[in-house]
Amino acid sequence: MRSLFDLLKVRNIPSISQGPVVDAVMAAGRAGATLTSSPLMYTWKGTRYLGASHGLAGILHILMHFPLNKADHDDVKGALKYLLRTRYFRGNYPSNEHNTRGDRLVHWCHGAPGVAITLCKAAEVYHYTNKIHSHRNFYSGSGGKKMMF
């Protein structure tokens, strides 16, 4: 993902150079989505993380900064909907797809704080204001736990 971040940071790189990187990230996400209900999924060290640091939320956030074709937009939107469905009752998000540790991690890299950034970008790009507002307690879902950024 470092290459994609570098492209985002240096905005004077022509889109002809950005396209192949975005295409590769999308292809990897589609290939990684086997055995999951999300159209895009990525693994890090063999685990399907969902958070902002090295998980689905962070990758989706970066992808939404680039021009995407209709199929790519549809898959990003589908992955966002999948991410919203993983939310715990109290508003937090699991650290990974098969989390067995419960609703404990409330950090930028795992949990609601990092997902919040992605949801804000989704609201901006896709005008998801109603859907995002229906999930507005994602930032207050810490259940009294200290949020770490």
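**Helix packing and salt bridges in the predicted model**

Helix H3 passes helix H4 in a left-handed crossing, a term applied when the near helix is turned anticlockwise from the far one by less than a right angle, the clockwise case being right-handed. Helices (H or I, at least four residues) are DSSP runs, numbered from the N terminus. The model is predicted, so that local features need pLDDT of at least 70 and side-chain atom pairs count only at pLDDT 80 or more, whereas totals for chains, interfaces and linings use all residues. Residues are numbered from 1 along each chain as its sequence is written, and side-chain values use heavy atoms, with hydrogens and water left out.

The axes of H3 and H4 come within 11 Å and cross at roughly 145 degrees; axes are lines fitted to C-alpha atoms, for helices over the stretch in contact, and angles run from 0 to 180 degrees between N-to-C directions. On the H3 side the contact (heavy atoms within 4.5 Å) is made by Leu56, Ala57, Leu60 and Leu63, and on the H4 side by Val76, Ala79, Leu80, Tyr82 and Leu83. By class, this contact of H3 with H4 comprises 9 nonpolar, no polar and no charged residues. In this classification Ala, Val, Leu, Ile, Met, Phe, Trp, Tyr, Cys and Pro count as nonpolar, Asp, Glu, Lys and Arg as charged, and the others, Gly among them, as polar.

H4 also passes H5 in a left-handed crossing. The axes of these two helices come within 12 Å and cross at roughly 140 degrees. H4 and H5 are therefore oblique to each other, given that angles under 35 degrees count as roughly parallel, over 145 as roughly antiparallel, 65 to 115 as roughly perpendicular and the rest as oblique. His73, Val76, Lys77, Leu80, Leu83 and Leu84 of H4 meet Val115, Thr118, Leu119, Ala122 and Tyr126 of H5. The contact of H4 with H5 has 8 nonpolar, 2 polar and 1 charged residues.

The loop between H2 and H3 contains Leu50. Leu50 is buried, with a relative accessible area of 1%; buried means under 20% relative accessible area, exposed over 50%, and partly exposed in between (1.4 Å probe, protein chains only). Beyond residues up to four places away in sequence, the contacts of Leu50 include Met41, Leu56, Tyr82, Leu83 and Pro94. Leu50 and Pro94 are 44 residues apart in sequence, yet their C-alpha atoms are 7.0 Å apart in space.

The structure holds 5 salt bridges, each defined as a side-chain nitrogen of Lys or Arg within 4 Å of a carboxyl oxygen of Asp or Glu. One of them joins Asp75 to Arg30, with the closest N and O atoms 2.5 Å apart. This pair links distant parts of the chain, Asp75 lying in helix H4 (residues 70-85) and Arg30 in helix H2 (residues 15-31), 45 residues apart. Asp75 is buried at 16% relative accessibility, whereas Arg30 is partly exposed at 34%. Arg30, Asp72 and Asp75 are linked in a network of salt bridges.

Arg48 forms a salt bridge with Glu97, the closest N and O atoms being 3.1 Å apart. Arg48 lies in the loop between H2 and helix H3 (56-63) and Glu97 in the loop between H4 and helix H5 (112-126), so the pair ties together parts that are 49 residues apart in sequence. Arg48 is buried at 16% relative accessibility, and Glu97 is buried with a relative accessible area of 16%.

A further salt bridge pairs Lys70 with Asp74, the closest N and O atoms being 2.8 Å apart. Lys70 and Asp74 are separated by about one helical turn, being 4 residues apart in helix H4. Lys70 is exposed at 62% relative accessibility, and Asp74 is partly exposed at 35%.
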